[in-house]
Amino acid sequence: MSQLPLLYTFRRCPYAMRARMALLQAGRAFDAVEVSLRDKPASLLVLSPKATVPVLQLPDGHVIEESWDIMRWAFAESDAQGWWARAQSPDNLDLLQRNDGDFKRHLDRWKYPQRYAGETLTPDGHRDKAVDALLRPLEARLSSAPCLGGATPCATDVAVMPFVRQFAAVDPGWFATLDLPSVRSWLDGWLVDPLFAACMHKLPAEGANRFPPL
Ligand SMILES: N[C@@H](CCC(=O)N[C@@H](CS)C(=O)NCC(=O)O)C(=O)O
C-alpha cells in the first residue's frame, strides 16, 4: 500500500474538489486515483461499499468516506491559518448544511430532471428553490466580508464553492442576471484562484499517482 494517503477522486465531483482543495491547502501530500463512476475500481468497493467519491485511505489502513471528514482530517495536524476553526462558526455550519442539503437536492433536480420523474416542482421551480436555500443567504454573508472565513477564506469557502460553480454553469446567461453581485465576485475570484486551479489537475486515467502539491 501507498506510504502516502490515497485519495479516490473524480475530477468533476464537487465533493471531491472540496476534499482536494483542503488537502492541498493543508499541505498534505497524497496519491490519488481518478475513478470512473461507471466502472469503479474493485479496490474502492472493498474499502467503501457505499462507493461514493471522495474516499481517503490512510497509510494505517483507516478509511475516511465523507468529504467533510476528509477536510477535517486535512486540517487536523495543523490549522495555523484557522481554515478549519473558522468553518466551525454557527453561520458557516448553517451554510454547509444548506449547501449539502436543500441546495444540492434542488440543483440536481434542476440539472438532471430526467433522473427525477414524479417531482411536483418544475425544474425551474427547483432552480428557484436552490437560490433561496443557499444563494440568498450566501449573498447576505458575502456582502459584508469577501470570504466566508472573513477577510481570508476558510474551509466553508472551498466546501461550498464547487457546488455554486456547478449551479452557475447550468445556465450562465440566466445566472448573470441574478441580483447576487457578491456571490458572483466571490465565485469569479475562486475560479481563478491557484488553489482551485491546483485541485483541477488532470490525473492519468490509470492507477495511483502523486497529486502535485500547491
Ligand atoms: N456525502 C458524500 C457524497 C459524495 C458523492 O455523492 N459523490 C458522488 C460524485 S459527485 C458519487 O460518488 N456518486 C456515486 C455514483 O455516482 O455512483 C460526501 O460528502 O463525500
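Student: How many residues of domain 1 are in contact with domain 2?
Tutor: This is a predicted model, to begin with. In it, 17 residues of domain 1 touch 14 residues of domain 2.

Student: Where are the domain bounds?
Tutor: Domain 1 covers 6-82 + 197-210. Domain 2 covers 83-195.

Student: And what separates the centres of domain 1 and domain 2?
Tutor: 22 Å, taken over C-alpha atoms.

Student: Back to the contact. Which helices supply at least two residues each on the domain 1 side?
Tutor: α1 (14-25), α3 (67-76) and α10 (194-199). Of the elements there, α1 gives the most, with seven residues.

Student: What is that side of domain 1 made of, by class?
Tutor: Eleven nonpolar, three polar and three charged residues.

Student: New topic: helix packing. How do the axes of α6 and α9 cross?
Tutor: At roughly 80 degrees, and they come within 7 Å. Here α6 is residues 123-142 and α9 is residues 181-191.

Student: Why call α6 and α9 roughly perpendicular?
Tutor: Angles of 65 to 115 degrees count as roughly perpendicular. The crossing is at roughly 80 degrees, so α6 and α9 get that label.

Student: Which residues make the contact?
Tutor: From α6, Leu135, Leu138, Glu139 and Leu142. From α9, Ser182, Val183 and Trp186.

Student: And how does the contact of α6 with α9 split by class?
Tutor: Five nonpolar, one polar and one charged.

Technical notes. Residues numbered from 1 in each chain as written. Predicted model: local features only at pLDDT ≥ 70, side-chain atom pairs only at ≥ 80, totals over all residues. Axes fitted to C-alpha atoms, helices over the stretch in contact; angles between N-to-C directions. Helix = DSSP H or I, 4+ residues; strand = E, 2+ residues; numbered from the N terminus. Parallel < 35°, antiparallel > 145°, perpendicular 65-115°, else oblique. Contact = placed C-beta atoms within 7 Å. Nonpolar A, V, L, I, M, F, W, Y, C, P; charged D, E, K, R; others polar. Domains from an automatic or database assignment.
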